[in-house]
Amino acid sequence: MARGVILSTPCLTASTSSLLASFSKTPPKSFKLSLSSHLLHHHQPCTLPLTCCFSVSSSEAQCSIDLSKYREAFSRRMAMAGLKPHHPIALGVSGGPDSMALCVLTAGWKTAGANAVNTDSGGFIDGLLAIIVDHGLRAESKEEANIVCRRVSKMGIRCEIASCDWSNGKPKQGQLQEAARDMRYQSFQKVCAENQIGILLVAHHADDQAELFILRLSRNSGVLGLAGMPFTSQIFPTHAHSYDKVQANHGILLVRPLLEFSKEDMYKICHGVSEDWVEDPTNQSPLFTRNRIRMALSDLSSTTFKSELRRMISVCRITRTYIDQVCYSLMSHALLVKNHGYAVIDLMNLCPSKIEDLCLAKFLLVVIQFISQRQKQIRGSALKLLMEYIRTFPSKNSLTAAGCYLCPDPGSRGSRILVCCSVDCNAPIKLEFFESCSHGGKEHGVTIELGKIIEAKKSYANNVVPDASDVHFLDVNPEFILIEAKRLNIISESTYKSILALQKEETDRFRSKSEVIANSGSTNKAESFSTSVKYLQQRQFCYFMDRFILTWKLDDKFDGDSLSDIVDYGVDLGGENWNFCFTSCVIGPNKVLEVRHMVESDWLYLAELSKYPHCKNLLPTQITEKASGCLQYASASAKRALPILKSIPVAARRSLPVLVNQQGQLASIPCVNFKHCPCLMVDVEFKPKIPLGGGHSSFI
């Protein structure tokens, strides 16, 4: 078995040159069958062992490819994304022909024209970073990453290799590609955050879209899924690295500037500049769905089939754009988001009975995903249940679905729907602890620039609303989308039959695989959760349910000015009542606090505390002769907090964070500005990891 293929282009024979020319139209596996492995790379007489990858090169002697049309098209696409050469940009690079072509075009775009950027003292292009992810799933992956790094560095692009940490063990074969993809994007986000880069380019192209179309068609996806990967989207980190890195809440702008290019174009671009690339052998394994679809599509190489399939995808993308615009319009007219973590849907303004199913479904998906902060999309019975509920007017009942609790907004007589995070007492509270880490003004500048780019993109999208005549499949069952496309002459009979055959083959495989998984997992025990308590240290930050950012500290140096906010509540600011607070207040000697959900006893305690000194039901441990100053302050703080708390619907109060000491005694309800001690300084901010309308993870 050949260990790898390395071509030497200066001494190519006529037959070999012919074969190389055809390489741009055929999968790289043909080289393994046609050429022996004794051919040597013309740069390195002693080649590095590439146990499981192909390394291919081109030379200037054979280059007669005009790259100007590719550079012009790339420049137009970057302008459409609102990007300019001076913007800091990261590239996702695997070393294959797609990502190497992306490197070629991006480097040329950065350094050409009137707005060209400079190179630094090391010869690297300013504001350009290639991120190479070493998944660590094969023994030779580290050496391959180093080879790619050296090749990309020679192009003047600074490189960083990110090694994956499979802390929970490497993924199983059936989950390999999906797990590797998720890990890859986590690595991209982490490196971008560390380098204060807000823009990431990836090399997905038109052939990738075609593969994804067939894949999703076999999973019975509707028009939203069949539209494939978007030209631009935002991705958001699943883990917070520091407070400063999440406060902007823009995530990373993901751009796919090569979506209109074909796989053949990728090879031509690499040939045009004599650029080397590697081929991952796992891309040829029929064990993976995408690989099977790719190989099947390569057998359907007629120009008619390819053009009609792309037209079909384009029509789906236009329809999705229309649905997105309707959704954003509904959000601006019928949705109110409160900074206490819940939302209110105005059914009178929404008019759900007059909205197409797909548009209403997208609106609900966006709202539910925002409030629940779940990464995955809602599908199937949960979505159907939500659709039926939202179309019941006036609303009288409550509903729990997809991590959210929906009920009539108090006082609205069912004309408004309250949407808040569902608090399941049997599930663990999601907490994430991290430290503050400031990077100064540079990151702030990147954030501002990224915000401008995103706003410009939204403004552009709002002005380019698809014509109604171009919007199809709004009321078409996913099972009949192909039939409708044939009826509308979007695809021909022959293309219809070809797509249908591909769909059937993959659908059958998917169903049989699902049955095996279901049968093998039928005896599995229910998943158990760890309910161990985690305490929040002073000056440490905590992400509570991916929604609120909390931090606290103790400060024993306060004066009358720090108590002025409660002076109207009858607090005696004189005397020596305050000297003991730092050591005897409810915080406790260990000075750690637990974060949990608000419960009914918390607001009942506030009501009782507001009556001090006439309250009778306070815990005995909280009432001491010395504690009168703290209790006097706490009572005033409770009086101030109660009106705010009463303005929050009861259902929404349950998802608020509270701080308690190790004995379970209430220390603070930061969202309503209650704290038990003047020494306790608490900061809270409603800062969802995924902002409203930002749930595009399924389109990556």
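How many helices and how many strands does the secondary structure of this protein come to? The count is 21 helices and 22 strands. Keep in mind that this is a predicted model.

Confidence comes first. Mean pLDDT for the protein is 80. Of its residues, 76% reach 70 or more. Two stretches need care. Over residues 1–52, pLDDT stays under 50. The model still has 81 contacts beyond four places in sequence for that stretch. Residues 619–623 also stay under 50, and there the model has 10 such contacts. Where pLDDT is low, the predicted coordinates should not be read in detail. Please treat both stretches that way.

Now the overall picture. The protein has 700 residues, and buried ones make up 50% of them. Take the contacts between residues at least 6 apart in sequence: 76% of these join residues at least 24 apart.

Next, the cores. In soluble globular proteins, nonpolar side chains tend to be buried together. Here the largest nonpolar core has 114 residues. Which residues have the most contacts inside it? They are F213, M312, I345, L350, F363 and F473.

Look at I345 in the 114-residue core. Leave aside its neighbours within four places in sequence. I345 is then in contact with A334, L335, L350, F363 and V367, among others. Its contacts also include I390, S415, R416, I417 and V419. Two of these partners, L350 and F363, are on the most-contacts list themselves.

Helix α7, residues 206–218, packs against helix α11, residues 303–334. The angle is about 75° and the axes are 10 Å apart. So α7 is roughly perpendicular to α11. From α7, the residues involved are A206, D207, Q209, A210 and F213. They meet L309, R310, M312, I313, C316 and R317 in α11.

On to strand β7, residues 252–255. Both of its faces are covered. I252 and L254 are buried on one side, L253 and V255 on the other. What are its neighbours? Strand β5, residues 199–201, pairs with β7 in the parallel sense over 3 bridges. I199 stands opposite L253 there. Strand β6, residues 232–235, runs antiparallel to β7, joined by 4 bridges. In that pairing, I235 has I252 as its bridge partner.

A quick stop at two helices. In α6, residues 176–194, we find S187. Is S187 buried or exposed? Its relative accessibility is 9%, so it counts as buried. Not counting residues up to four places away in sequence, S187 touches V133, A162 and C164. Then helix α9, residues 263–272: D265, M266, Y267, I269, C270 and H271 are buried. After α9 comes S274, with a positive phi near 55°.

Now the later part of the chain. There is an open sheet of 5 strands, ordered β15-β18-β19-β20-β21, with antiparallel pairing. Which strands stand at its edges? They are β15, 535–536, and β21, 674–675. Each has a single partner strand, so one side of each lacks a neighbour in the sheet.

Inside the sheet, look at β19, residues 657–660. Strand β18, residues 593–597, runs antiparallel to β19, with 4 bridges between them. V595 faces L659 as its opposite. E594 stands opposite V660. On the other pairing, β19 and β20 are antiparallel over 2 bridges. L659 stands opposite S668 in β20. These two strands form a hairpin with 5 residues between them, where G664 has a positive phi near 85°. Both faces of β19 are covered. P657 and L659 are buried on one side, V658 and V660 on the other.

What lies across this sheet? Helix α19, residues 600–609, lies across β18, β19, β20 and β21. It runs at about 100° to β20.

One last residue. C630 sits in helix α20, residues 628–646. At 4% relative accessibility, C630 counts as buried. H676 is 46 residues away from C630 along the chain, yet their C-alpha atoms are separated by 7.0 Å.

Definitions and conventions
Residues are numbered from 1 along each chain as its sequence is written. Side-chain values use heavy atoms; hydrogens and water are left out. Buried means under 20% relative accessible area, exposed over 50%, partly exposed in between (1.4 Å probe, protein chains only). Contact means heavy atoms within 4.5 Å. pLDDT is the predictor's confidence in each residue, from 0 to 100. A nonpolar core is a set of buried Ala, Val, Leu, Ile, Met, Phe, Trp, Tyr and Cys residues joined through side-chain atoms within 4.5 Å. Two strands pair if DSSP finds at least two bridges between them. Axes are lines fitted to C-alpha atoms, for helices over the stretch in contact, and angles run from 0 to 180 degrees between N-to-C directions. Angles under 35 degrees count as roughly parallel, over 145 as roughly antiparallel, 65 to 115 as roughly perpendicular and the rest as oblique.
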